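This report looks at side-chain contacts and at how open the residues involved are. Please view the sequence and the structure first.

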Amino acid sequence: LPPAVAAPGATGDAAAAAAHCERAAHAGHAEAMAALGAHYLAGRGVRLDPCRAAGWLEKAAEAGDAKAMANLAVLLFHGLGVPRDEAAALRWCEAAASAGEVAAQQNLAHMSRESTADGGCGQPLVFEVVD
């Protein structure tokens, strides 16, 4: 993250990092929104909360953060923290892939196979980790 958004690095304290991301996210920093979503998704420094993760990832995605778009697509595709919506998942995944996110490019193939009649190939979708 840029210096204005970067979490405290020396301490390694996940709770402090999440709190820093939350302050920056509320100030409108898209990267911080994406990072806060990742904290909630992993339960890193905060209570595990897929609903909050999805909310922050959606805000970051709408603000143009490609990693957030990729992660939101995975949540939507599997219905984690949000109602399952394959069409929305595909739209966000395509947007992230167009922005150059490698994980989203890989996930596009998986999504199209998994949404076919037989339920797909069973390969897991890739989360784009935001630190």
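Is Glu86 buried, exposed or partly exposed? The model is a predicted one, and in it Glu86 has a relative accessible area of 30%, so Glu86 is partly exposed.

**Salt bridges**

Side chains of opposite charge can pair when their charged atoms come close. Across the whole structure, two salt bridges are found. One joins Glu86 to Arg84, with 2.4 Å from N to O. Arg84 is itself partly exposed, at 47% relative accessibility. The other links Arg47 with Asp49, at 3.9 Å from N to O. Here Arg47 is exposed, its relative accessible area being 61%, whereas Asp49 is buried at 13%.

**Charges over rings**

Arg84 has a further contact: this residue lies over the face of Phe77. Lys59 also has its charged end over a ring, that of Trp56. The distances to the ring centres are listed here.

| Charged residue | Ring | Distance to ring centre |
|---|---|---|
| Lys59 | Trp56 | 4.8 Å |
| Arg84 | Phe77 | 4.9 Å |

**Cysteines**

A disulfide is a covalent bond between the sulfur atoms of two cysteines. How many disulfides does the count come to? The count is zero, with a pair of sulfur atoms having to lie within 2.5 Å to qualify. Cys21 is buried, with a relative accessible area of 1%. Cys51, at 52% relative accessibility, is exposed because the cut-off for that class is over 50%.

Key:
Residues are numbered from 1 along each chain as its sequence is written. This is a predicted model: local features need pLDDT of at least 70, side-chain atom pairs count only at pLDDT 80 or more; totals for chains, interfaces and linings use all residues. Side-chain values use heavy atoms; hydrogens and water are left out. A charge sits over a ring if NZ of Lys or CZ of Arg is within 6 Å of the ring centre and within 35 degrees of the ring normal. Buried means under 20% relative accessible area, exposed over 50%, partly exposed in between (1.4 Å probe, protein chains only). A salt bridge is a side-chain nitrogen of Lys or Arg within 4 Å of a carboxyl oxygen of Asp or Glu.
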